[in-house]
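Dear colleague,

Please find below the structure that I am handing over to you. A short account of the findings comes after it.

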Amino acid sequence: MLPNERDLPDEPPPFLGAWPRVYAAVVLYLALVIAACYCFTRFFA
Amino acid sequence: MRLLDWVVLVGSLTSIIAYGLYRGRGSNTVDRYLLGGKSMPWYAMALSIMATQASAITFISTTGQSYVDGMRFVQFYFGLPLAMVVLCATAVPIFHRAKVYTAYEYLEHRFDAKTRALASLIFLMQRGLSVGLTFYAPAIVLSVIFGWPDRLTTLIIGVTVVVYTVTGGIRTVTWTDVQQMLIILFGLLVALITIVHMLPRQVSLLDAMSLAGSAGKLNAVNFHFDWNDRYNLWSGLIGGMFLALSYFGCDQSQVQRYLTGKSIAQSKLSLLFTAVAKIPMQFFILFIGAMVFVFYIFEPPPLIFQRIEYDRLRSGEVRTQYEPIAARYRDAFTRRKQAALDIVAARHGGDPRGQSDALSRYRQALKDVDGARSQGASLVAATGGERGFKDTNYIFLSFVTRYLPAGIVGLVIAVILAATMSSSSGEINSLATVSIVDIYKRHFRKGASDHHYLTASRVATAFWGAYAVAFAGFGKNLGSLIEAVNIVGSLFYGSLLGVFTLAFFFKRVTGTGAFCGMLAGEAAIFAAFSFTGISFLWYNVIGCVVVIVTATAVSFFSPAASATPGTAS
């Protein structure tokens, strides 16, 4: 750990309560986007 | 361009720059000039990050890419949200807490001065090459539209960007980026609505999508794995994630954006917003290209979209070779149009057999159209044009200037110029920052006054602007510009990603190990580029892995060179 590395606190996110939950939501979102793109490709192919 | 186009173009660009200069006033210390006094809200950083990444190349070349190759390029961005999550959990808090001006400054904290210097030089080389390409794209626009020489166009845009970047520093860059991004989104929406509105009355949006899909233009996802296939789900997820990790985690042009944040949380939010917004935005741009393709099913497109070469083929000695190709092209176009209208009529009339029959005629005609276009491109190359000629970068602009109504043309041109300015200003600003903080201040002039470094930063900004303008013509022979930019980036990013991965996660690796690892990583990437057909998206993975393995091995066998943190300036 470098000097000053703990000087700045990591504030909680404005929604979902904790950063890991926000990260999980982004990953879930990605999965849904890929699924939507797949359906889009299949439907119009 | 008509008067209304000029009013829209000049009005929007002038107001953007004036607003940026207004918001950038008071940038009279190095901290405010380079990091905006760490006062930026998350939405400004997010839009600035997106605007810096979305250059004119994004709009000119991506739409053309979609016209030619379909929407599969969108997969390139699938790894981006994953990369953003990783960066939010690692790089963002580390950089903020280390209180650095540049990402490479952190490498001296963690390793030593030579590792920081090498990483800085790799960044300067990579970004220095790319910034020329960023300027070249709009030069194409204006050379096609007005016949202006590329050099003059580049010079005018370059001087404008340099003046406001030198004057206002990163605050002006960020706030102009915000306005530019809003103009970009608005302009794209208007362009798409206009294109769909211009389709034949009997062709609905759903019909248009069906025609594009039948031609393989809506191929957004491909699950088939192939090392040599540039865009599939796996290269996008894995290779794209590594590229995004490199770009957003190790490229100062992006890192500097989120280092301006008020807090760690604000910086994280800016990256996560980009993670959520980027894929839909790219999908939208590619979709516009696909709709331009559909538009040209019903309106005859030129055989070659690059007007100068097209005119050359139609006149002079080449004409005798051009005419038979053009005749085949016209015939194929007519058959394709008729088959498309038959498909639409069969769809509306509920006639599956008629639809199937029309579809097979449509696909045959598509092949013939593509074949004639390939022959046309070959003819250009064989009769004195550039080798491997492609007109991908001219498709969208050719369409815009020929078919869009007054006002919309000006708006689209404003979008393209705004994108150029937002990207290049961010790049120039970051190049200047690294030059001053990591090279000049660290190795040549320690301990000078704040005013001295502020002046030096402004001089460096002007220098990099001049450099970018001077090397803008580099992109002329690189085919699709959007690919060229990403290929150039991939040649260098793997090593940078590798060294930052070492810095964050490998506590036992030494400075010498990291330094040797970066050299080995670069060697491996250039070997892959020169001697294999591996897709460029994998270069980042290869480079990163080679850096980690080499650095770990060197550190293991030379433990005496311990990882003593240096003293960063």
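The notes below cover the domains, the core and the chain contacts.

This is a predicted model, in which local features need pLDDT of at least 70, side-chain atom pairs count only at pLDDT 80 or more, and totals for chains, interfaces and linings use all residues. Residues are numbered from 1 along each chain as its sequence is written, while chains are lettered from A and ligands numbered from 1 in the order in which they are written.

Chain B is divided into domain 1 (3–296 + 401–557) and domain 2 (307–390), with bounds from an automatic or database domain assignment. Their centres, taken over C-alpha atoms, are 35 Å apart. Between them, 11 residues of domain 1 are in contact with 11 residues of domain 2 (contact: C-beta atoms, placed from the backbone, within 7 Å).

The largest nonpolar core has 204 residues, and B:Val292 and B:Val415 touch the most other members. Such a core is a set of buried Ala, Val, Leu, Ile, Met, Phe, Trp, Tyr and Cys residues joined through C-beta atoms within 7 Å; buried means that 20 or more other C-beta atoms lie within 10 Å of the residue's own, with C-beta atoms placed from the backbone. Domain 1 and domain 2 of chain B each supply at least three residues to this core. Beyond its neighbours within four places in sequence, B:Val415 is in contact with B:Phe59, B:Ile183, B:Ile184, B:Gly187 and B:Leu188.

Finally, 23 residues of chain A are in contact with 30 residues of chain B.

Yours sincerely

How values were computed: A residue is buried if 20 or more other C-beta atoms lie within 10 Å of its own, exposed if 12 or fewer, and partly exposed in between; C-beta atoms are placed from the backbone. Two residues are in contact if their C-beta atoms, placed from the backbone, lie within 7 Å.
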